[in-house]
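Subject: Structure handover

Hello,

I am passing on the structure we spoke about. Please open it beside this email and follow along.

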Amino acid sequence: MPEELLSQTKVGDSLEVGAEYHPEHGVVTILLSSPEQSTALNLEPEKGELENFVEAVNKVKEEFSNR
């Protein structure tokens, strides 16, 4: 049974983000949803995927801030 890490949280006019941990699979699922589409990213923290994803998002934020 998944454990909620972040309930669906509004981060923009229509974009929401949520997250669940699935211990039976060792996967963190990040849920992105808007009225137009929904996407689920399954990341394996044991393989460094969660940390790599966070680093990539932070890099995008940094690059954008430098404009």
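This is a predicted model: local features need pLDDT of at least 70, side-chain atom pairs count only at pLDDT 80 or more; totals for chains, interfaces and linings use all residues.

Four strands make up an open sheet in the order E1-E2-E3-E4, and their pairing is antiparallel. Strand E1 (3-10) and strand E4 (38-43) are the edge strands, each with a pairing on one side only. On average, neighbouring strands in this sheet are turned by 15° against each other, with direction ignored.

Going through the pairs in order:

- E1 and strand E2 (residues 16-22) run antiparallel and are joined by five bridges. The two form a hairpin, with five residues between them. In this pair, Glu4 stands opposite Glu20 in E2.
- E2 and E3 are paired in the antiparallel sense over seven bridges. Their hairpin has four residues between the strands, and Gly26 takes a positive phi near 65° there. Across this pair, Glu20 stands opposite Thr29 in E3.
- E3 and E4 also pair in the antiparallel sense, over six bridges. Here Leu31 stands opposite Ala40 in E4.

Helix H1 (residues 49-65) packs on the sheet, where it touches E3 and E4. The direction of H1 makes about 125° with that of E4.

Thr29

Thr29 lies in strand E3, which covers residues 27-33. Is Thr29 buried or exposed? Its relative accessible area is 6%, and buried means under 20%, so Thr29 counts as buried.

Which residues is Thr29 in contact with, leaving aside its neighbours within four places in sequence? They are Gly18, Ala19, Glu20, His22, Ala40, Leu41 and Asn42. Two of these names have come up above: Glu20 is the residue that stands opposite Thr29, and Ala40 is the one that stands opposite Leu31. His22 deserves a separate note, as the side chains of Thr29 and His22 are joined by a polar contact of 3.3 Å.

Regards

Definitions and conventions: Residues are numbered from 1 along each chain as its sequence is written. Side-chain values use heavy atoms; hydrogens and water are left out. Buried means under 20% relative accessible area, exposed over 50%, partly exposed in between (1.4 Å probe, protein chains only). A polar contact is a pair of N or O atoms within 3.5 Å; within protein, one must be able to donate a hydrogen and the other to accept it, and residues adjacent in sequence count only if both atoms are side-chain atoms. Contact means heavy atoms within 4.5 Å. Two strands pair if DSSP finds at least two bridges between them. Axes are lines fitted to C-alpha atoms, for helices over the stretch in contact, and angles run from 0 to 180 degrees between N-to-C directions.
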